[in-house]
Amino acid sequence: VSDERRRLEIGHPSARLPAFLVTPTPPLARRLIFGTRPAWTAIRVATTVVAAYVVFGYLLIPVRGAGHSMTPTLADGELVFVNTLAYIRHPPVRGDIVALRLAGTRIVYVKRIVGMPGERVAIENGTLFINGGALDEPYVKYRGSWNVPEVTLGADRYLFIGDNRAMSIRQHDFGTARLERVVGRIVWLRE
Amino acid sequence: VNRLARIAIALLLAAAIAGGYRWWKGPERQIRRVLIDVARAVSHEAPQQGLAGVAALAALQDQLAEDVVIEPGQPFGPIEGRDAAMMAAAKIRSGTPAFNLEFVDTKVSVAADGVNATVDTTLKAGLQDRAGQSSLDARELLVVLLNRNGRWVIRSVRAVNVLEPITAGTRSQDW
C-alpha cells in the first residue's frame, strides 16, 4: 500500500481529508441509527408508532382549548388530554371536567359537570343552586348576572357549564346532555 | 410457502384496488367533495369583492338545491332558498377580513334508494374580525343531500343541539 493511500485511510493521523468524507457511512453511524440488529429496530419503531397512535388517538386524546368559557381553569390555547377510560368503572361525578363529542372527537366541547340526573337546578346571579342549596364552586372566580329559573333534570341528563360565568350568558354554551356525549375526563390540567 | 404468500399478497392488492376504485366512483366521495367545495367557496383569507368573489360564489351555487333550508343555530336565524344562502355567503365574504370554514369528523350515510344521503359533521369556522381578533366557532351539523340528475346537492342543513338549553325559553328571556 502506497504512502499516499495510507494517508487517506480512516483515522490515519496524516489524512488530508476528514474521515467522514473518505468513508461516507461509517459503521458506527449505521449502528447508531439502525442498531446492531436492524430488523428488531424496525419492529421496535413500528410498535412505538402503533402504540402512540392508539394511546393518543383513542385513550388519551390531546385537545387544545379554544375560547374563554372555561377561564380561569383552562386558558385559551391550553393543551389538555381526554382520558377516554375514565368512566369505564364508574359514572362521572359532579365537578369533573369532561370533553363532549360533536360529530366526532376531533373537535369537542370542554365543560364541567355541575348537575346530576334528576336534580333540581337553578342559577341566580351566577350562583348555581342544586335542589334548593347553593353549590360551593371554588373554581368559579368571576360571576355575571346569570339567571335561570329552577328546572328538574331528566333521569339520564347531566348539566354542563363552563367555569367562566362572567361572560354573557348568550355567548356561553351550556345545557344538558346524555352520558353518550361524554368522550372522557380532562386530565393534566395545570393547578 | 413462497408461492402461497405471493398469491395472498396478490389477492390483497387486488382487493385493495377494487375497494379503492369502488370508493372513488361511489357516492360518499362525491358527497365529501360537495362539502369541501362549499367550504372552499365560503372561506377566504382577505375580503373579496368583484370577480374573485363572484367566481367563488358561483361555485357555491352548484352545491345547493334551489329550495335549500339552512338552520345554523343560535344566534343565527334560518336561511331559506338558494338565493338567500348565496346572499348570506356573499355577506360573509365581503364583510369579514378572513373566514375559514372546515368540515371535520364527517360521516356519510347514503340511503338504499341512492337518491338521499345524510351527513353528520362538525363545522369549524375560524373568523377574524376587523379589529384583528380571531374567534372559533364549532357546531355539529346534520346535512341532507339529494341526488338530482346524477349530482349531489344540499337540501338542508340543521345545527344539532349538543347541549340542550335547560329550559326552552330561559336563555332567550335573559338576552
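**Labels and their grounds**

Author: In the largest nonpolar core, which has 31 residues, those that touch the most other members are B:Leu60, B:Leu101, B:Phe103, B:Leu145 and B:Ile154. At least two residues of this core come from each of helix H2 (27-42), helix H3 (51-61), strand E1 (64-71), helix H4 (82-95), strand E3 (98-110), strand E4 (116-128), strand E5 (134-148) and strand E6 (151-160) of chain B, and H2(B) gives the most, with seven residues. The model is predicted, with local features requiring pLDDT of at least 70 and side-chain atom pairs pLDDT 80 or more, while totals for chains, interfaces and linings use all residues. Residues are numbered from 1 along each chain as its sequence is written, chains are lettered from A and ligands numbered from 1 in the order in which they are written, and side-chain values use heavy atoms, without hydrogens and water.

Reader: What makes a set of residues a nonpolar core?

Author: The term is used for buried Ala, Val, Leu, Ile, Met, Phe, Trp, Tyr and Cys residues that are joined through side-chain atoms within 4.5 Å. Buried here stands for under 20% relative accessible area, against over 50% for exposed and partly exposed in between, with a 1.4 Å probe and protein chains only. The helices and strands are DSSP runs, H or I of at least four residues and E of at least two, numbered from the N terminus.

Reader: Which residues does B:Ile154 touch?

Author: Leaving aside residues up to four places away in sequence, B:Ile154 touches B:Val34, B:Leu35, B:Val38, B:Gln63, B:Leu64, B:Ala65, B:Val68, B:Val143, B:Val144 and B:Leu145, where contact requires heavy atoms within 4.5 Å.

Reader: Why does the length of H2(B) agree with its number of residues?

Author: The expected span is 1.5 Å times one less than the number of residues, so the 16 residues of H2(B) should span 22 Å, and the end C-alpha atoms are 23 Å apart, which agrees. Within H2(B), the buried residues are B:Ile31, B:Val34, B:Leu35, B:Val38, B:Ala39, B:Ala41 and B:Val42, and their cover includes H3, H4, E3, E4, E5 and E6 of chain B.

Reader: What describes the packing of two helices?

Author: Two packed helices are described by the angle between their axes and by the distance between those axes. For H3(B) and H4(B) the angle is about 145 degrees and the axes are 10 Å apart; the axes are lines fitted to C-alpha atoms over the stretch in contact, and angles run from 0 to 180 degrees between N-to-C directions. On the H3(B) side the contact is made by B:Gly53, B:Ala56, B:Leu57, B:Leu60 and B:Gln61, and on the H4(B) side by B:Arg82, B:Met86, B:Ala89, B:Ala90 and B:Arg93.

Reader: Which peptide bond to A:Pro72 is cis, and where is A:Pro72 found?

Author: The bond from A:Thr71 to A:Pro72 is cis, with omega near 5 degrees, and A:Pro72 is found in the loop between strand E1 (60-64) and strand E2 (79-83) of chain A. In chain B, a cis peptide bond joins B:Gln74 and B:Pro75, with omega about 5 degrees.
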